[in-house]
Amino acid sequence: MSELRVKGVALYYEEHGAGTPILCIHGTGSSAKVWGSAVDKLAGRGRTIAYDRRGCTRSERPDPYELTSVEEHADDAAALLPELHAAPAIVIGRSYGGEIALNLLERYPGFVRALVLLEPAILTLTAEAHSWEGALVDNVLLAAGSGGPQAGAECFYREILGAHGWAALPDELRTMVLDNAPAILAELKGGSSRPNEGILTQLHKPVLIVSSAESPPPFRAVDEVLADLIPGAVHEIVEGGHLIDAAGPKVLRFLDEHMDATEPRRDNRA
């Protein structure tokens with residue numbers, strides 16, 4: 001568990017296991033904590049690096065931190081990987097982290113071996129999803145304006161996970177979300193990215209997209225569009241909500257197919 005200064009901020013990161021690098025990029029309001037026990041399973045496949053993005057939990061939060069972008073976070077990841085001698089990596093991105101991972105592949109293709117996108121929140125890919133996102137952001141900003149940043153953070157997670165999903169979060173993760181309220185607002189104000197469809201149609205890297213059967217429908221809709229755009233992309237649907245298991249069977253199977261066979265790894269496969 002260490003800290004590295006890149007692009008003007010100190011980023012907290014953890015490393016587990018050995019072999020082919022696996023970089024885990026978390027979603028909005030989250031941190032490396034969200035990967036939980038999945039880290040141990042991933043570390044059985046390769047050298048797993050999980051970090052807190054700028055503004056989140058144990059990483060530095062710029063002051064003021066009122067606006068950020070997918071591109072800024074992709075630049076952070078692109079600075080982190082060579083500093084850790086971890087490029088090219090298999091990159092796993094969750095939700096907003098999936099946007100970041102795809103942007104990283106678009107702009108820094110040499111740093112990415114393969115991509116796993118856990119319900120990436122690229123809501124600009126359909127008009128309906130973009131409209132849904134606009135209403136969500138309006139609701140969150142209204143809640144933050146009347147009840148403070150933490151009220152906005154809770155509103156955001158209730159919309160994404162549902163009231164039951166929010167209530168079911170462990171206390172540590174609910175506290176994490178509320179503490180990261182300023183980062184949530186900064187990311188929402190920065191807006192979603194718009195992938196370069198011309199680049200996507202020319203990608204020649206392995207890509208797995210995983211959607212949840214119980215998430216808001218706009219997520220699945222944009223995942224389907226994304227899978228159609230990227231040649232050879234595999235699109236899987238799993239049970240459960242938006243917090244998809246990063247070490248579920250479909251993800252682990254994909255990792256096994258795209259590991260560097262010359263790299264050592266532990267024998268604790270799950």
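Student: Where does Glu119 lie?

Tutor: Glu119 lies in the loop between strand E6 (112-118) and helix H4 (127-147). Helices (H or I, at least four residues) and strands (E, at least two) are DSSP runs, numbered from the N terminus. This is a predicted model: local features need pLDDT of at least 70, side-chain atom pairs count only at pLDDT 80 or more, and totals for chains, interfaces and linings use all residues. Residues are numbered from 1 along each chain as its sequence is written, and side-chain values use heavy atoms, with hydrogens and water left out.

Student: What is phi of Glu119 near?

Tutor: Phi of Glu119 is near 45°, a positive value in a residue other than glycine.

Student: And is Glu119 buried or exposed?

Tutor: Glu119 is buried, at a relative accessible area of 0%. Buried means under 20% relative accessible area, exposed over 50%, and partly exposed in between (1.4 Å probe, protein chains only).

Student: OK, Ser95 next. What is its phi near, and where is Ser95 found?

Tutor: Ser95 is not a glycine either, and its phi has a positive value, near 55°. Ser95 sits in the loop between E5 and helix H3 (96-107). With 12% relative accessibility, Ser95 counts as buried.

Student: Switching to peptide bonds. Is the one from Asp63 to Pro64 cis or trans?

Tutor: That bond, Asp63 to Pro64, is cis, with omega near 5°. Pro64 belongs to the loop between strand E4 (47-51) and helix H2 (70-83).

Student: What about Ala87 to Pro88, cis or trans?

Tutor: The peptide bond from Ala87 to Pro88 is cis, and its omega is near 0°. Pro88 is in the loop between H2 and strand E5 (89-94).
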